[in-house]
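The following paragraphs lead the reader through one structure, beginning with a single residue and widening to the whole chain. Please keep the sequence and the model in view while reading.

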Amino acid sequence: MFMEMGPSPTYIKVADLGCASGPNAFRTMSQVIDTIHRTCKRQQLELPEFEVFLNDLPENDFNSVFKSVPDFIERLQEEKGVRVQEKCFVAGVAGSFYHRLFPTRSLHFVISSNSLHWLTKLPAGLENNKGNVYMARSSPRNVFEAYADQFRTDLTNFLSLRSKEMIPQGRMVLVFMARENADPSNEDYVWELVAKSLFDLVAQGVVEEKDVESFNLPFYSPCKEEVIEMVERERSFEINNLQVFQVDVKAEEKLRNKDLGYNIYMEMGGNFANAIRAVLEPVICSHFGDAIVDRLFTRLATNVADALSNQTPYKGFNIVVSLTKK
């Protein structure tokens, strides 16, 4: 796809926005470089140089990221059979991607994976979202509207900023949480089980009810129609492809087996709770402190297992959208 931008470039500037610092920090970049390497090999072109920018918030563990650079370069060199250390130059960029990060018209390719659903701030007017920690079937209409408005503001700002930083015909791929239904009140949200688990701890005297009632999650899962509308309204990018993927297909396939024992449901619930913990633990600790974390996600595993045993799958979805800068 890069070769469609014009003549084969001598270098490509790539930015990963929201890179984090765990073992997946370089996975996205590996896939990008692998795609370009295969394209160059197929078209008998020389592999361009890469300037790789890894971005996340200032509190991200960039020391861990930088310590992983030699292994990343060595692995690429083994896989591609070229002297990648002479082709790939890595830099960290600390800052929010809801602000400008790069010079005007400097980036060829941008990717952001599992980051853009996080909002810049909690929406205003969630005080009446009683008994919930996010949008839920029982949430008042204003709660859905508040979340949607905040996401619209944030995504529009993100697109506007990236349009200034990218070259014409530059490419961008975004991956973030989504929902299946256009009507947000017609959705089963696994976050309802997070709320139930917190209120279970209230009943046990572990957590204060007022602390749970004042807690709401700062992200939003849009439907595909919303994303299309926002991109078209902002007008800087053209959508090449947009797909919604179910992320827990194997779990749903297991549920078709009516003879599963409860231990299997507990195993699935534990896996699900661990995945949710990886996302929520910092937010939970910030609001409640870290003393409740183990008990909360143990309780969540049980609640998920109970839901699964009742054949309630609580599906998860991701949106993947490919964009071209106009």
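Serine 322 is buried, because its relative accessible area is 18% and buried means under 20%, exposed over 50% and partly exposed in between, with a 1.4 Å probe and protein chains only. This serine belongs to strand β7, which covers residues 317–325; strands are DSSP runs of E with at least two residues, helices are runs of H or I with at least four, and both are numbered from the N terminus. Beyond its neighbours within four places in sequence, serine 322 has contacts with Met172, Val173, Glu238, Ile239, Asn240 and Asn241, where contact means heavy atoms within 4.5 Å.

The model is predicted: local features need pLDDT of at least 70 and side-chain atom pairs count only at pLDDT 80 or more, while totals for chains, interfaces and linings use all residues. Residues are numbered from 1 along each chain as its sequence is written, and side-chain values use heavy atoms, with hydrogens and water left out.

Serine 113 lies in strand β4, residues 107–113, and is partly exposed, since its relative accessible area is 25%. Its contacts, again leaving aside neighbours within four places in sequence, are with Leu17, Gly18, Thr28 and Val175. The C-alpha atoms of serine 113 and aspartate 16 are 8.1 Å apart, although 97 residues separate the two along the chain.

The interior comes next. In soluble globular proteins, nonpolar side chains tend to be buried together. Here the largest nonpolar core holds 73 residues, and Phe158 and Trp191 touch the most other members; such a core is a set of buried Ala, Val, Leu, Ile, Met, Phe, Trp, Tyr and Cys residues joined through side-chain atoms within 4.5 Å. Apart from this core lies another, of 24 residues, including Cys19, Val32, Ile33 and Leu47.

Finally, the chain as a whole may be considered. Its secondary structure consists of 10 helices and seven strands, and 50% of its 326 residues are buried. Among contacts with a separation of 6 or more, 81% join residues 24 or more positions apart. Along its principal axes, the C-alpha trace spans about 65 × 40 × 40 Å.
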